[in-house]
Amino acid sequence: MNNPALITTNIHEYMKNQLSSFQSRYINENGDLEIVNIKDSYFFDNNRWEIEFLKTIPNFEVQLQNPTFNRKYIYFSFENELINLEIKFFVHKKIFADEWSMSTLCVGQSNNIQILKRFFKEKCPNLNSLTELDTDKINREWLFWLESQGIATQYVDKRNGHLIKSPLGKYLLNLLTEFNKLIDFRDEWEKDVWEAKNLHRIYGLYYNQAGSHTTMDFTKIRYTRFREVTKQYFKQRLLSSDLSWGSARNYLNDIPVFLDFIFSVESDWDDLTKLSRHHIKKYLDLLNNTVKQNYRITNGRHHIIKAVTHIKVYLQGLQEIAPDLAPEKDIRVLIFPEDKPKYKRRSDRINYIPDSVLEQLFENINSLHEEVQPIIWIAFKTGLRVSDALRLNHNSLIKINDKYQIVTDISKTNVSDHSIPIDDDLANILAVLIDKSKGLSNEENNPNNYIFFRHRGIRKGRPYSNGWIREELNKLAKEKKIVDEHGEIYHFRIHQFRHTYAVKMLNSGADILTVQELLAHASPEMTVRYAKLLDGTKRRVFEEAMKQGLFSFNYNGEVKQITPDEEVPSDVLEMLWRDHKLNAIDNPYGSCHARINGNCPYSEEPPCLTCNGGRPCKDLAIGFSELDKQKYELLIKTASKTIDILKSHGRAEIAEKNERNLERYQNILNIINEGNFIFGRLDRMNRKKDMANG
């Protein structure tokens, strides 16, 4: 077994070495980042760091040119030398990793260090190292001590009225958590707290870099055996791409609660082998009571479904990888399908931003944070998810045939090089932002060449956070009193811009397949939800217009106008409206309801090409008319769209017949594009010639 004293000694020797040098970073004459290791024990030797000395280091030179603070020194005066060493090591790591700016160090953190020194002097006079502390216990003492000093440990969030911890209230817990990460040299999978950025760097694990949740804390599982097995379980699923980082974090919210509850009921257990249906029923009672009592749970049904699903899958996984810890009974006899509340039928209502709110937003757009403004324009004009917009890089803006496009990868649906046309105004904005990003970027602070990135701080090298974008939007709504139709302050959700883009496209006449392609939906199902959003006012105007100018064929095949007072069948208006909105059932002669249902024989067998016993008409000639090429280009386009629609409606067998027809059109077009002509049967043409000469 390792000697704790020896381990601590080695760690402190490591800290001494780290403080006896630093990396000087600067941009050379060629614009490249230069990193030079400087052997200088200044930070180890001195317990008072001078701001003037920090100015001589290129890393901090720009930040300290015109400081907004008056501090001249950073003091480290803990009575215990080892603790002093540990705190200096911690601060040194933070500033040279660019996680703390000079302003953060000299204003907030410097004061916090002095408050922490007072706390340790009063409450931990015999403490020799931060590694000796019980994190939970010392954090409770810290909070109690702060309150006794008249220092607030929590405050009311103005956004939602919730009580949240103050920065000082979180300070010691955050410090100890981050400090322990710095001295944990194990492989990332072996650690009790996983960092997404490390797993991404070492193993290529994908995570949403625009998100805020980038750690996975297994210390929440208090039972060591289960903690280690759960880490093994997550590792297997993450590496096999069977589980996403976000989903794994959701599991880790529910698993500790379940284990804590079971072991509180069965305090003499150290495994789950005897888990019974009785225990699961008690757990379900706990979930229902939690939903009733926790005001932060806004969707109780979803909360229970998610928790039960996670526990069921987790227990099944335990039976595979750790049968000595897992229930002996089949999980199917422990957790029943009816334990999960039924999902409410998904509403077809699309949560898009009303026009009145958009008008208010864009009237006040210049008051929005300047870094957020371009993100909103991109989301509004392209329909990109904000997380995808935040991952645009220096190569995302291209120009093809004098038209600008955004090209990027869509992570959710695994679409590579997705292309979206944009207008010149947005292209000009992006060009300026790309140029600005290049000026701030180097291989260390922006290895992925993001346009919207943080070049220092804890998000260094990562895009802005989704949550920050949302917060800034809603801050603007409050400040500028952006209200909904009821006069209430409007609450923005960033995904609404994507819905709004889709609705605008459809209302402007785009067809459903085009919208599906632009949004990079994996299937038409989500896009069809947009199609069902039929603006009542526009539809009424449409119907009135149709009644004023609608014609029909009579029984003799003659065109007859329908008078304004004549009743138009509702299914006819429905079909016309759907075609007007979606342009999805058109053919070269108009629009046909039968085609979408697969009931039109001529969709598969065009008359002029099949009327002669399945063969082309004997009198048919193709290629003489200047319009023939356009006709077959239109036929190809129409047939292709029909095939896509049929497939999306599950009519594969009819789609296959249309594919044969499409091949016929393409062959004909290829022939006439080469300057050739296609005639009916030659003997038919000869007889016609003889009759003409006779």
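**Rings, strands and charges in a predicted model**

Ring pairs join F22, Y42, F43, W49, F53, F60, F76 and F96 into one cluster. The model is a predicted one, and a search through the whole structure turns up 38 aromatic pairs. A pair of aromatic rings is described by two things, the distance of the centres and the angle of the planes. Rings also meet charges here. R277 lies over the face of F336, 3.9 Å from the ring centre, while the charged end of R454 sits over the ring of W468, at 4.7 Å from its centre.

Next comes a sheet. Three strands line up in the order β9-β10-β11, forming an open sheet with antiparallel pairing. Since β9 and β11 stand at the edges with a single partner strand each, one side of each is left without a neighbour in the sheet. On average, neighbouring strands of this sheet are turned by 35 degrees against each other, ignoring direction.

What holds for each pair of strands? β9 (residues 397-400) pairs with β10 (residues 403-410) over 4 bridges. In β10, I398 has Q405 as its bridge partner, and L397 has I406. The hairpin of β9 and β10 has 2 residues between the strands, and N401 takes a positive phi near 55 degrees there.

Now for the charges. Side chains of opposite charge can pair when their charged atoms come close. The count comes to 29 salt bridges. One of them joins the side chains of E444 and R25, at 2.9 Å from N to O. E444 lies in the loop between α18 and α19 and R25 in strand β1, so this pair ties together parts that are 419 residues apart in sequence. E444 is partly exposed, at 29% relative accessible area, whereas R25 counts as buried at 8%.

K460 and D98 also meet in a salt bridge, at 3.2 Å from N to O.

K55 is partly exposed, at 32% relative accessibility. Finally, a network of salt bridges links K94, E99, E178, K181 and E195.

How values were computed
Residues are numbered from 1 along each chain as its sequence is written. This is a predicted model: local features need pLDDT of at least 70, side-chain atom pairs count only at pLDDT 80 or more; totals for chains, interfaces and linings use all residues. Side-chain values use heavy atoms; hydrogens and water are left out. Rings of Phe, Tyr and Trp (its six-membered ring) pair if their centres lie within 6.5 Å; planes under 30 degrees apart count as stacked, over 60 as edge-to-face and the rest as tilted. A charge sits over a ring if NZ of Lys or CZ of Arg is within 6 Å of the ring centre and within 35 degrees of the ring normal. Two strands pair if DSSP finds at least two bridges between them. Axes are lines fitted to C-alpha atoms, for helices over the stretch in contact, and angles run from 0 to 180 degrees between N-to-C directions. A salt bridge is a side-chain nitrogen of Lys or Arg within 4 Å of a carboxyl oxygen of Asp or Glu. Buried means under 20% relative accessible area, exposed over 50%, partly exposed in between (1.4 Å probe, protein chains only).
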